[in-house]
Every structure is written in structure tokens, then in C-alpha cells.
Amino acid sequence: MPVKLHVDDISLSFGGIKALSQVNFQVEAGAIFSVIGPNGAGKTSLINSINGFYRPQSGRILFEGADISQLPPYRRAALGISRTFQNIALYTNATVLDNLMAARHIHMKSGMLAGALFWGAAQREEIAHRRRVEELIDFLELEPLRKSIVGTLSYGLRKRVELGRALALEPTLLLLDEPMAGMNVEEKEDMARYILDIHEQQGTTILLIEHDIGLVMDISQRIAVIDFGELIGVGTPAEISGNQAVISAYLGEGSA
Amino acid sequence: MANIKPAGVFDTTYEDDMAIDRTRRDKFWKNLAFCALLLVPLLSASGPLGLGLLGDQYIGLIARIAIYVIAVQGLNLLVGYTGQISLGHAAFMGVGAYGSAILARELGFSFWLALPTSALLTGMLGLLFGLPSLRVKGFYLAMATLAAQFIIPWALEYPLAGWTGGTRPLSLPAPMIGPFTPYARDSVSPETPLDFTAGAAFIVDVIAVELTAGAVDSARIDILQPGGAPLPYGDVNMTVTRDAAGNVIALRYIASKAGAYRVQLAGAAEARAEVRRGKALSFATDTAMYYLIVPLAVLLMFLARNLIRTRTGRAFISVRDNDLAAELLGVNVFATKLRAFFLSAVYAGIAGCLLAFERNSISLQMFQLDLSIEMLAMLIIGGAGYPLGALFGVTFIRLLQEAAIPALRPWLSDWLPQLFPFIDAVNITSAINPILFGGALIVFLILEPRGIAHRWELLKAAWKLRPYAY
């Protein structure tokens with residue numbers, strides 16, 4: 001399995017606070033790779049570093065073997081890195097359809113003038129991409145909500161729309177930041193099913209941050225555990241559940 | 001509120017689903033409204049039919065509304081769709097106005113060339129003043145764009161005074177289409193002047209006079225306008241050619257008023273000049289300007305409408321709603337903001353240029369901070385981030401200021417001083433305009449902060465869904 005993402009020894013600090021210190025792991029292409037850890041451990045900082053919102057002070061991010069540490073976030077997205085957010089970050093005043101279409105930005109070409117005239121090529125492009133987005137709407141069962149304003153949707157639906165938006169970018173690496181936070185069991189199961197389907201049908205590499213340990217153990221091939229900005233264990237679910245450092249981080253010193 | 005269809009009408013293709021006019025009836029009404037707009041000048045007294053059903057001042061009023069609709073739509077693209085704030089929009093209009101005036105006066109650009117050139121120039125300047133948006137947002141960006149509102153009028157007033165005339169008004173010729181077609185060729189000498197009658201509607205008479213013989217140095221060409229007074233060489237409709245010594249050797253004049261003209265030559269007896277007279281299509285009248293401005297405004301609204309439902313527009317909206325998510329999902333946020341600043345300034349530049357040519361005369365007073373704020377208020381009242389927000393806002397405020405307030409003024413200036421006897425009546429009368437303007441703004445901010453356009457969308461939806469509620 002080729003390496004999709006290599007987080008190479010990155011350290012990130014905000015003033016005196018060390019958010020990440022020398023985190024180093026590799027994600028194989030086509031894997032579901034989960035990152036777990038207590039609140040404030042630095043999981044979201046890790047994702048933010050991968051897609052360029054934060055710039056780690058040291059270390060490199062390698063994507064498909066190429067160093068992307070210096071690229072601005074939008075260029076990293078153009079390489080095929082997409083994500084969802086822990087606190088939903090949708091375009092709230094736009095429709096579901098427009099949210100998904102907006103994520104097709106990197107795949108579309110028409111400029112200002114072509115768009116303003118909405119003639120020939122621009123219109124054909126619009127329709128072609130609409131077709132792709134409609135497939136996603138089908139997949140995520142959002143058909144009745146196509147033209148609803150995102151701000152009016154319920155929390156669970158918004159999470160689903162956000163997943164759709166991340167997928168509309170046609171990523172090869174998908175970063176999911178707590179996609180199931182605040183959901184009930186049924187919604188969680190739905191979301192897990194979508195994630196597995198994406199993984200299976202499109203072979204997308206998925207980096208998942210999640211607190212529900214049971215679910216993480218079920219669906220991931222490999223798991224990384226972070227505590228206080230340090231990587232305290234990487235391995236298969238079985239290895240992680242037997243890892244002493246992980247157990248003490250979660251349950252406290254001297255447990256088990 | 002999504003763009004919905006009446007119950008029972010279904011789309012079968014994505015083309016249909018994307019269309020702005022969702023049904024044939026929509027399209028019909030829209031075309032009808034456009035035709036009606038084009039027919040309005042025919043109702044006025046000075047129109048081709050001379051019906052006199054509508055006061056002449058309304059033609060100018062609608063044309064000015066159209067000009068401000070263009071400007072405010074530019075602001076809408078920036079403020080309503082991209083979520084950036086600009087307090088320098090009036091200054092950009094000023095750049096368009098002064099830019100086109102200077103191009104026309106100093107470089108002899110025709111209106112048709114001055115319009116795109118000054119619009120692009122304004123766009124570039126908008127780009128420059130959009131640069132702070134890389135680092136600052138919201139309130140701080142408002143302050144940064146406020147700089148434009150002070151720097152630009154200052155630059156026009158002092159460093160560029162040689163071109164702009166400083167605080168004095170600057171005059172411009174009326175736009176004209178193409179070269180004129182000569183139909184008469186005469187020769188004038190000091191003893192034999194040339195008399196002719198000009199008509200002035202769309203087709204105007206153009207006179208080109210060229211000295212051909214005789215003591216050129218001592219000859220002087222005069223055009224006497226109806227009434228007998230000679231036209232000054234600096235008249236807006238006159239283009240003068242001088243030789244190296246600064247003597248006038250040729251001139252061209254567009255007869256902007258109907259009536260009897262005389263071309264005469266003064267100086268040495270042997271001086272001769274050739275006069276060619278012709279017809280040209282001109283926009284010197286209010287009605288003609290109306291036909292220039294209104295279709296252009298409709299076109300620019302149409303272009304903006306298309307823009308915001310395609311790639312660039314969605315990028316604008318992404319940046320407005322969540323710039324962080326936009327950046328992480330592949331939108332170059334800074335470039336997108338700059339595009340919005342550029343476009344917004346281009347719209348302002350076009351509006352400024354049109355205003356300059358419509359008024360024939362511009363001054364710095366027209367492009368001050370109060371106009372920037374007024375345009376923002378128009379946008380808020382009309383509905384920021386709605387395709388028709390600019391149209392509703394400008395129409396509402398302009399009608400309030402130019403039709404409703406003058407009608408209410410006698411009654412208000414009677415009644416208000418009784419209500420506030422402790423304030424000098426003169427102060428109250430002069431404050432009626434800002435009071436009503438401010439009052440309208442406050443009422444909208446409280447009752448409908450999303451603007452008239454939002455109400456309009458609700459109304460449209462309700463109409464299409466009738467008799468059901470949803």
C-alpha cells in the first residue's frame with residue numbers, strides 16, 4: 001500500500017502552548033485511519049495542520065510523497081484534500097445545492113465573464129457539474145432538501161450536507177472532524193454507513209477524528225492516539241486496545 | 001427562499017431547473033416589464049410622439065434611478081454577496097465620472113471608448129483599495145475603504161486639479177454615435193455668413209468648420225446660437241483644433257439645441273472657411289440618454305444575476321458565509337475578494353461615467369462620503385444579497401427623495417414646527433429630507449432587515465403556491 005499522507009514530525013505551538021509535539025505517522029492509501037484522544041489533545045489542530053490552516057513550526061506534511069507544507073490551504077484542496085468541520089462550517093445562507101456546487105469550484109473553469117454571460121461552455125459546465133452533485137445528493141439521500149437553505153436544516157442534516165460538500169470536491173483524502181458528534185445512535189449508524197460506502201465505492205482515504213471508541217474500533221484499519229499534543233500510540237484497533245499508554249490516558253494512571 | 005415553480009409544474013432537465021424564469025409566464029411578464037420600460041419616454045411631452053402623459057422630469061428621474069441601480073448593484077456584489085464592506089463606493093463613482101470626463105476632454109475619447117476605459121480604470125483602483133481585505137475584515141475593512149473615500153476626492157481636487165479643475169464643475173459633451181454623415185458643403189467668408197436651422201432629438205446637426213485660405217492668424221470663427229450669442233470655444237459640444245501657434249484653424253460643433261444658427265468669420269477680408277454640415281446620432285436629450293442608460297442597466301443587472309449563480313458567484317457567497325471553509329475547500333479567498341472589489345468598482349465606474357454624460361457636468365460634491373453611505377442604505381433597504389435588492393432600494397429611496405418628499409414638504413413644514421415649537425422652523429424645514437431618509441432606514445432595519453427584495457421573494461412564493469400555504 002502506498003503512503004497517502006505522511007505527517008512527518010510536526011510540532012505546532014501557540015505562544016507557550018504546545019498543541020502538537022513531534023507527531024509522526026503515515027496514512028496508507030485507501031485506509032480508514034482514525035485519530036482519537038481526549039478533548040484538547042490536539043486532534044483538530046492536527047487536521048488544521050494537514051490542510052494548511054495552521055502552519056506547524058517544524059516538520060513536514062507529505063501528500064502522495066510531495067511536500068505540501070508550504071502550500072496555501074486552497075492549493076491543498078485542489079490536490080484532493082477535503083474536510084468537514086467539528087462545528088459545522090457550511091455556507092448557511094445558500095441552498096444545499098449551492099453548498100455542494102460551491103465545492104466543485106476547483107473542478108470548474110469558467111471565469112467571471114463566461115459566468116456572467118451564462119452562454120455555451122459555461123452553461124454546459126454548470127450542467128455537467130450539477131449532474132455530479134445530483135449523484136451525491138442521491139447518495140446522501142438529500143433529494144427533498146436540494147433547494148432548502150442550509151441555515152434552516154437540523155443539526156444532523158447539516159452534518160450530512162457538510163459531508164456531501166466535502167465529497168463534492170472529489171477528494172482522494174477526506175478529513176472528517178467528529179462527523180458524529182452530538183448525534184443519536186441512528187444518525188451515527190447512518191453516518192458510519194455513509195463513511196464506509198464512500199470508502200468502499202470510491203476508495204477514498206479517510207482520516208477520521210471521533211470520540212465514539214466503539215465505532216472507531218469497528219470501522220478503522222489503523223488508529224492513532226494523541227494526548228496533550230503527543231502521539232502516544234499508532235496501530236490496528238487490536239494493538240491500540242492493548243496499548244498501556246492509551247489505556248492510562250483514557251482511564252488514568254494505574255488502571256487496568 | 002428558493003426559486004420555486006407553481007404546484008404541478010415539474011422540471012425535466014437541469015437547464016429548466018437552473019433557469020431564472022421558471023415558467024413561460026415568468027418570462028412573459030419579465031419581457032413585458034422591459035418593453036414597458038422602453039415605452040415610458042414615448043408618454044412624455046418631449047418624446048417622439050409628444051403625448052405629454054408623463055412629466056419630462058420623470059424621464060430623467062428613471063434614468064438617474066437606473067444609474068444608481070448600476071452603482072448599488074456593484075455594491076451588492078461586494079457587500080451583499082461577498083460580505084466585504086465598502087465605504088468608498090461614491091469615490092469609485094467619482095473616478096468613473098472624472099476618468100471619462102478627462103478622457104473625453106483631454107484625449108478626445110468618444111463616449112463609447114471612454115465608458116469601458118474609465119470602467120476598467122476604476123476597476124483597477126478598486127483592486128488597489130481591496131488589497132487591505134487580505135488582512136482585515138468587517139469594521140476594520142470599513143475603515144480601510146473609508147481611506148479611498150478621502151484619498152480619491154482629495155487626489156481629484158488637488159494633485160489632479162490641472163485636469164479636473166479642482167472644485168469647479170467640469171463639463172462634458174453629450175455622447176454621439178459614430179462619425180457624422182455630411183450632407184452640405186458651403187464656403188463662408190467675412191462678408192457671407194452661413195445660416196441654417198438645426199433640429200435636436202436623436203439626430204443632431206454637426207457643423208465642421210475649417211479655415212482654408214487667407215490670413216489664418218487673424219481669422220476667427222464664430223457660431224451664433226439661437227438667440228444670437230456667440231458660443232464660447234470651451235462649449236462642451238465644441239471640439240477645437242489649433243495650429244502650433246495656438247490659433248483656431250478648425251472646429252466641430254454639435255448643435256445640441258433646436259433653432260437657427262449662424263456660422264460667421266471675422267478678420268481679414270480674404271479669409272475663407274469651409275463648412276460641412278451633417279447629421280449624427282446623438283444622446284444629447286434626456287429621452288436619448290434614457291435609451292442609453294436603461295438598457296445598459298438592465299444588461300448589467302442580467303450579467304450580475306448570471307454571475308452570482310455560477311462559479312465566481314458561488315465563490316463570493318462562500319467567502320461571505322464562511323471564508324475559512326471556503327479557503328479549505330479550494331477557493332482562493334483573497335483572489336475572490338479582489339475579484340469582488342474589482343467588479344464592484346467597475347460597476348461604480350460605469351455608473352459614474354453615465355452620470356457624468358447624463359448631467360453634462362460633474363463636480364466633486366457629487367461623490368462625497370454621504371453618497372457612499374446613502375448607497376449602503378439603499379442596498380440595505382432594498383435587500384443586500386438579493387439579485388433585485390439594488391433595484392428596489394434605489395427606486396424606493398429615489399422616489400422618496402424626488403417624488404414623495406417634495407409632495408409632503410409643504411404639509412410637513414407646516415406641521416412639524418408646531419410639534420417642536422422650541423426648534424427654529426427654518427432648521428426643521430431643512431432637516432425634513434435627512435429625517436425622512438433616516439426614518440425609512442430605521443423602519444426597515446427594525447421591521448425588515450433583509451430588505452424589500454426579501455418581501456418580494458416571499459410574495460412571489462406565496463403567489464406561486466396559492467391556494468396553499470406551502
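Residues are numbered from 1 along each chain as its sequence is written, while chains are lettered from A and ligands numbered from 1 in the order in which they are written. Because the model is predicted, local features need pLDDT of at least 70 and side-chain atom pairs count only at pLDDT 80 or more, whereas totals for chains, interfaces and linings use all residues.

Chain A contains ten helices and ten strands, where helices (H or I, at least four residues) and strands (E, at least two) are DSSP runs numbered from the N terminus. Its radius of gyration, taken over C-alpha atoms, is 19 Å, close to the 18 Å that the globule rule gives for 256 residues, so chain A is as compact as a globular protein of that length; the rule itself is 2.2 Å times the number of residues to the power 0.38. Along the principal axes, the C-alpha trace of chain A spans about 65 × 40 × 35 Å. Of the 256 residues of chain A, 43% count as buried, a residue being buried if 20 or more other C-beta atoms, placed from the backbone, lie within 10 Å of its own, exposed if 12 or fewer do, and partly exposed in between. Among the contacts in chain A between residues at least 6 apart in sequence, 66% join residues at least 24 apart, two residues being in contact if their C-beta atoms, placed from the backbone, lie within 7 Å.

The domain assignment divides chain A into domain 1 (1-80 + 171-256) and domain 2 (91-169), with bounds that come from an automatic or database domain assignment. The C-alpha centres of domain 1 and domain 2 of chain A are separated by 27 Å, and ten residues of domain 1 are in contact with nine residues of domain 2. On the domain 1 side of this contact in chain A, the elements that give two or more residues are α2 and α7 (185-202), and α7(A) gives the most, with three residues. The residues on that side divide into eight nonpolar, one polar and one charged, where Ala, Val, Leu, Ile, Met, Phe, Trp, Tyr, Cys and Pro count as nonpolar, Asp, Glu, Lys and Arg as charged, and the others, Gly among them, as polar.

Chain B has 14 helices and ten strands, and its C-alpha atoms fill a box of roughly 85 × 65 × 50 Å along the principal axes. Of its 470 residues, 41% count as buried. In chain B, residues 24 or more positions apart account for 77% of the contacts with a separation of 6 or more. The assignment for chain B gives domain 1 (14-171 + 286-462) and domain 2 (176-282), whose C-alpha centres lie 39 Å apart. The contact between these domains takes five residues from each of them, and the domain 1 side has one nonpolar, four polar and no charged residues.

Helix α2 (residues 24-39) of chain B has 16 residues and reaches 22 Å from its first C-alpha to its last, close to the 22 Å expected at 1.5 Å a residue, the expected span being 1.5 Å times one less than the number of residues. The count of buried residues in α2(B) is zero. B:Arg24, found in this helix, counts as exposed because it has 9 C-beta neighbours inside 10 Å. Helix α6 (residues 138-157) of chain B has 20 residues that should span 28 Å, and its end C-alpha atoms are 29 Å apart, which agrees. Its buried residues include B:Leu141, B:Ala144, B:Ala148, B:Ile152 and B:Leu156, and what covers the buried residues of α6(B) includes α4 (89-106), α5 (111-130), α7 (161-164) and α11 (369-382) of chain B.

The largest nonpolar core has 188 residues, and those with the most contacts inside it are B:Ala71 and B:Ala351; such a core is a set of buried Ala, Val, Leu, Ile, Met, Phe, Trp, Tyr and Cys residues joined through C-beta atoms within 7 Å. Leaving out residues up to four places away in sequence, B:Ala71 touches B:His89, B:Met93, B:Tyr347, B:Ala348, B:Ala351 and B:Met375.

Finally, the contact between the chains takes 35 residues from chain A and 27 residues from chain B. On the chain A side, α2 (73-78), β6 (81-83), α3 (96-102), α4 (112-117) and α5 (121-139) each supply at least two residues, and by class this side has 22 nonpolar, eight polar and five charged residues.
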